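Dear colleague,

Here is the structure I promised to pass on.

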Amino acid sequence: KSTAMSNNAWDSVAEAYAERVEPFTSQFAAPLLDAACEALGGVALTGAHVLDVAAGSGAVALEALRRGAKVTATDGSGEMLRVASERARAANHELATRVAEGTALPLDLAGGSLLATSGFGVIFFPDVAAGIAELSRCVRPGGAIAFSAWGSAEETAAFQLIPTVARETLGEEATAPPAGAARRIDGSPAVLSALLRAAGLEPHVRGPVTRTLTCGSAEAFWERFALGAPGTRALLARLGEERGRAAAGR
């Protein structure tokens, strides 16, 4: 039930996410694939099959398509995949899609890809280890998995504005995620390396990769980030728009 509710929440923001949030997050797609190709010995992706898990509105999938790969995108949100497919068609690419949870991918995907990716996806899974295991199961011998992770709260300060004001205003208990809800993992090299080693994989952690987003005003920040993710929307429903906009102006 909680998974279905989460996917319905992402369905409701699919268009807003693609329009408002992805112009920033998509800047990390090329570095992710560059690092993956390096780990694979410098191969090109032309003609190779790439599986993109928790693909969202398609940032990594589209970058792989631009590099000549054959791509299958999976996500728990059908609306996110619809947006990704439309964007691929608009760029004259063909994108295969499958609605599937990242911790329980279809059995027929096993061993079918040179590369399995997840751009800021697997790090939010309730069971990150299970997600990594599923990505690994879907690559062929000699293949690789690659996923991107956000840095610490200090390194992603802009994303902390609204959550911080919500905690200060409503208290920790009132703003705590529901039991069992996903919380992103610490994206430090040590944590990521430990997760990969625990899965029996050789870590090749790259980064940090830094990109700067400049918003000309608090209103511009609000329009870009406040309404593009279900978690932030839920916080704002409790916080109230006036105080939320004040947080964006910090």
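Is strand 4 (residues 113–119) mostly covered or mostly open? Strand 4 is mostly covered, with six of its seven residues buried. Buried here means under 20% relative accessible area, exposed means over 50%, and partly exposed is in between (1.4 Å probe, protein chains only). Helices (H or I, at least four residues) and strands (E, at least two) are DSSP runs, numbered from the N terminus.

Before the rest, two notes on the source. This is a predicted model, in which local features need pLDDT of at least 70 and side-chain atom pairs count only at pLDDT 80 or more, while totals for chains, interfaces and linings use all residues. Residues are numbered from 1 along each chain as its sequence is written, and side-chain values use heavy atoms, with hydrogens and water left out.

Strand pairing

Two strands pair if DSSP finds at least two bridges between them. Strand 4 pairs with strand 1 (residues 49–53) in the parallel sense, over three bridges; Leu-51 stands opposite Ala-116 of strand 4. Strand 4 also pairs in the parallel sense with strand 5 (residues 139–148), over six bridges, and Gly-119 has Ser-148 in strand 5 as its bridge partner. Between strand 4 and strand 5 the chain runs through helix 5 (residues 128–137), and this β-α-β crossover is right-handed. Right-handed means that, with the strands pointing away from the viewer, the path from the first strand over the helix to the second runs clockwise.

UniProt, in an unreviewed entry, places "domain: Methyltransferase" at residues 50–143. UniProt positions are in the numbering used here, feature names are shortened, and annotations may be inferred rather than shown by experiment. The span is 33% helix and 28% strand, and its end C-alpha atoms lie 10 Å apart.

In helix 4 (residues 78–90), the buried residues include Met-80, Leu-81 and Val-83. Asn-92, with a positive phi near 65°, follows helix 4.

- Thr-25 lies in helix 1 (residues 2–25) and counts as buried because its relative accessibility is 10%.
- Ala-226 is in helix 9 (residues 218–226) and counts as buried because its relative accessibility is 0%. Ala-226 and Ile-162 are 64 residues apart in sequence and 8.0 Å apart in space, C-alpha to C-alpha.

Regards

Methods:
The expected span of a helix is 1.5 Å times one less than its number of residues.
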